[in-house]
Amino acid sequence: MGDIVGEIKDAKTIVIKVGTSTITHNNGTINFYVVEKLVRVLSDLRNEDKNVAMVTSGAIGVGCSRMGLHKKPDSLPEKQALAAIGQVNLMHIYSKLLNEYGQIASQILLTKDVIEDEQRKLNAINTFSTLFRYGSIPIVNENDTVATEEIEFGDNDTLSAVVAVLIKADLLILLSDIDGLYDKNPKHHSDARLIPIVRGVTRQIEEYSQNTDNSFGTGGMITKLAAARICNSHGIPMIIANGDDPYNICRIMAGELVGTLFIPNGGKNGEEE
Ligand code: ADP
């Protein structure tokens with residue numbers, strides 16, 4: 001245990017993913033209280049000379065709120081158009097706030113071909129490393145406006161794990177609207193127990209996850225466990241923590257056990273603790 005805590009404290013390259021439910025209110029408008037704190041924490045990590053990439057959801061939700069829609073439409077062109085509107089709004093806010101803390105935001109929009117095509121993969125790796133050399137904070141999202149089923153990641157949990165592998169991150173933190181992985185969905189079961197450490201995503205662990213019913217979010221715990229598998233199989237620890245308090249990131253970096261920690265190399269039959 002001591003080793004992994006030390007590894008996390010010393011992590012040089014960190015990917016932080018924020019879910020829609022963390023950065024927006026239920027009606028899709030931006031939660032400035034959270035976003036401002038988040039930006040402050042990211043800026044501090046940069047000041048400590050860490051490489052930080054943030055994967056952010058929320059574009060479609062923000063697009064809906066800009067257009068006065070109360071629910072995500074079903075048609076693909078509408079969703080892609082709303083993503084285009086929301087993405088620019090989201091980036092405006094991140095960039096403006098990061099600027100206030102002397103940081104340089106950059107935007108990277110990806111589709112799955114970035115891992116399927118060797119040249120594109122290499123280009124993406126080189127772009128990330130150059131941005132880190134510039135001291136910029138890349139803000140990553142799926143390229144929702146052009147993604148079709150064949151080339152989309154489908155959810156940002158998977159995307160953030162892919163980015164963590166691509167840039168050889170030392171840690172992936174998924175910030176969600178929940179404290180971590182529970183043994184059942186705590187939104188529906190008051191007796192649900194938080195699982196602090198997971199060594200290996202076993203079938204039992206998978207049974208704990210049920211999909212979410214948020215109106216703007218996608219994914220739930222199933223995609224977070226998929227992300228844990230990807231990370232852990234590449235030796236990268238992953239943490240799910242509550243994004244309502246972005247200072248949880250500081251606690252994690254100080255070596256506190258916050259949320260659920262997925263430890264790599266737990267073996268095929270890894271167990272919960
Ligand atoms: P985000 O937008 O942060 O990615 P999601 O809504 O996709 O968040 O996923 C988090 C949600 O997953 C929780 O709010 C909860 O409703 C649901 N969930 C389902 N099963 C579990 C579980 N076993 N432990 C924790 N959350 C769970």
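Buried means under 20% relative accessible area, exposed means over 50%, and partly exposed lies in between, taken with a 1.4 Å probe on protein chains only. The legends below describe a predicted model, in which local features need pLDDT of at least 70, side-chain atom pairs count only at pLDDT 80 or more, and totals for chains, interfaces and linings use all residues. Residues are numbered from 1 along each chain as its sequence is written, and side-chain values use heavy atoms, with hydrogens and water left out.

**View 1**
Helix α4 spans residues 59-66, and six of its eight residues are buried, so the helix is largely enclosed by the rest of the structure. Helices (H or I, at least four residues) and strands (E, at least two) are DSSP runs, numbered from the N terminus. The buried residues of α4 are A59, I60, G61, V62, G63 and C64. C64 has 0% relative accessibility and therefore counts as buried. The partners of these buried residues are α5 and β4 (136-142), against which they pack. Just after α4 comes G68, with a positive phi of about 70°.

**View 2. Helices α3 and α5.**
Two packed helices are described by the angle between their axes and the distance between the axes. For α3 (residues 32-47) and α5 (residues 76-100), the axes come within 10 Å and cross at roughly 50°. That angle makes α3 oblique to α5. Axes are lines fitted to C-alpha atoms, for helices over the stretch in contact, and angles run from 0 to 180 degrees between N-to-C directions. Angles under 35 degrees count as roughly parallel, over 145 as roughly antiparallel, 65 to 115 as roughly perpendicular and the rest as oblique. The crossing of α3 and α5 is right-handed. On the α3 side, F32, V35, E36, V39 and S43 meet I93, Y94, L97 and L98 of α5; contact means heavy atoms within 4.5 Å. Sorted by class, this contact has seven nonpolar, one polar and one charged residues. Ala, Val, Leu, Ile, Met, Phe, Trp, Tyr, Cys and Pro count as nonpolar, Asp, Glu, Lys and Arg as charged, and the others, Gly among them, as polar.

**View 3. Helices α8 and α10.**
The axes of α8 (residues 156-166) and α10 (residues 220-233) come within 8 Å and cross at roughly 15°. With that angle, α8 is roughly parallel to α10. From α8 the contact uses D157, T158, A161, A164 and V165, and from α10 it uses G220, T223, K224, A227, I230 and C231. These residues divide into six nonpolar, three polar and two charged. C231 is buried, with a relative accessible area of 0%. The structure holds zero disulfides, a disulfide being a pair of cysteine sulfur atoms within 2.5 Å.

**View 4. I252 in helix α11.**
I252 lies in α11 (residues 248-253) and, at 1% relative accessibility, counts as buried. Leaving out residues up to four places away in sequence, I252 touches I8, L171, I173, I239, A241 and V258. I252 and V5 are 247 residues apart in sequence, yet their C-alpha atoms are 8.8 Å apart in space.

**View 5. Two loop residues with positive phi.**
D49 lies in the loop between α3 and β2 (51-56). Its phi is near 70°, a positive value in a residue other than glycine, and D49 is partly exposed at 47% relative accessibility. K168 lies in the loop between α8 and β5 (171-176). K168 is not a glycine either, but has a positive phi of about 50°. At 67% relative accessible area, K168 is exposed.

Technical notes: Left-handed = near helix turned anticlockwise from the far one by under 90°.
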